[in-house]
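I opened the model to look up a few side chains and helices. My notes follow in the order in which I checked things.

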Amino acid sequence: ILLLLVFLLWGGWAYTFKCTRGSRFEIYCIDFVVGILLATGALFLLESVASFHTVGELVKAWRETRVLVIRAFFAGIVFNIAKIILIASSYFSGIGTTILTVFGTALIVDQGIYSYFSSEHHAVIWIGSSFFLLLSIFPICLLQKRLHFSEAKKAMGLSCVAGICLSLFYPLFDRAIDTVATQRLPAIIACIFLAAGIIFSELFCAPILCRKPLFGHAIGFGSYARAPFRYHKMGALGGALWFSGLWIKLHAERSPHELGVFFAVQLAPLCTFFLGIFVWREIASSWQYRKLFLSLFLCYLLGVFLIAYDRYGS
């Protein structure tokens, strides 16, 4: 049930993103962080009602495991940078193709880091998984150029940068919650300091992006204030859905079902890719393109299966 909720929540935030088309991506980014802030407060109250020791655990974590707290905080900064680039690229090249490029790049880099630090030799499997993942990413870049999408080359390049940032976020955050049993942050504590890093980063990034945006012209605070309330509502809902999914994922990881958690996380971007291409029709419907995207879908899935076999097969 927890894994199904993670899949639905992490797949569902993309729907809120699609509902804000016509607005500026900077506005969605700010509202996304507002949603994370609201979700953090709601989950903290929920945990406090369930356990009266939540506040004490928060103070204890800061005093006794400050290194883990700092890791979670900096993981939030790295994630926010990846989130901004992902959303900006998706506005100009479609969320389906962008999210596959971002998560494909993230998996290649993350698996490379895992193989490098692992005591066993995983080079062959890493090369094989990277081959299939690149086989699913590279045709997207060529197709974007062929269809003459506006700013396609820049958007796809930024997607790769977002993937690298995302690949650094996961190991950094995992080291805050997945270390020795006696030095492990509780899920809600890790989420609070992660959210603090995201909010801190957004306070600096938002003004810079509004004045010197990645795409389009500069905007001021008046543009944010004049945006329809439904755009703010959907952006905040997207952030709340993503953050709630992360909180549930951390609780699911306490169970001995690591393989299930891995596939729940990886199927969410695949679901978004499928919706973007076949439901939201971000690329003109053509059976030739549909067959191509089905092939890319299968290549990406093969890469994911190889990584899962490498990490959990034995």
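Is Trp10 buried or exposed? I found Trp10 buried, because its relative accessible area is 7%. The cut-offs are under 20% relative accessible area for buried, over 50% for exposed and partly exposed in between, with a 1.4 Å probe and protein chains only.

Before going on I noted the ground rules. This is a predicted model, where local features need pLDDT of at least 70 and side-chain atom pairs count only at pLDDT 80 or more, while totals for chains, interfaces and linings use all residues. Residues are numbered from 1 along each chain as its sequence is written, and side-chain values use heavy atoms, with hydrogens and water left out.

Entry on aromatic pairs. I took rings of Phe, Tyr and Trp (its six-membered ring) as paired if their centres lie within 6.5 Å; planes under 30 degrees apart are stacked, over 60 edge-to-face and the rest tilted. The count comes to 20 aromatic pairs. One of them is Trp10 with Trp242, a stacked pair with 6.3 Å centre to centre and 10 degrees between the planes. This pair links distant parts of the chain, 232 residues apart, with Trp10 in helix α1 and Trp242 in helix α10 (residues 229-252). Helices here are DSSP runs (H or I, at least four residues), numbered from the N terminus. Trp242 counts as buried because its relative accessibility is 8%. I then looked at Trp13 and Phe17, whose ring centres are 6.4 Å apart with planes at 70 degrees, so this pair is edge-to-face. Both Trp13 and Phe17 lie in helix α1, four residues apart, about one turn of the helix. An α-helix has 3.6 residues a turn, so residues three or four places apart point the same way. Trp13 and Phe17 are both buried.

Entry on leucines. Leu2 is in helix α1 (residues 2-18), and I logged Leu2 as partly exposed because its relative accessibility is 38%. Leu38 belongs to helix α2 (residues 25-50) and is exposed, because its relative accessibility is 56%. I read 8.8 Å between the C-alpha atoms of Leu38 and Gly239, which are 201 residues apart along the chain.

Entry on a charge and a ring. The charged end of Arg230 sits over the ring of Tyr231, 4.8 Å from its centre. The rule asks for NZ of Lys or CZ of Arg within 6 Å of the ring centre and within 35 degrees of the ring normal.

Last entry. I noted that Arg281, which follows α11, has a positive phi, near 50 degrees.

Definitions and conventions
Helix = DSSP H or I, 4+ residues; strand = E, 2+ residues; numbered from the N terminus.
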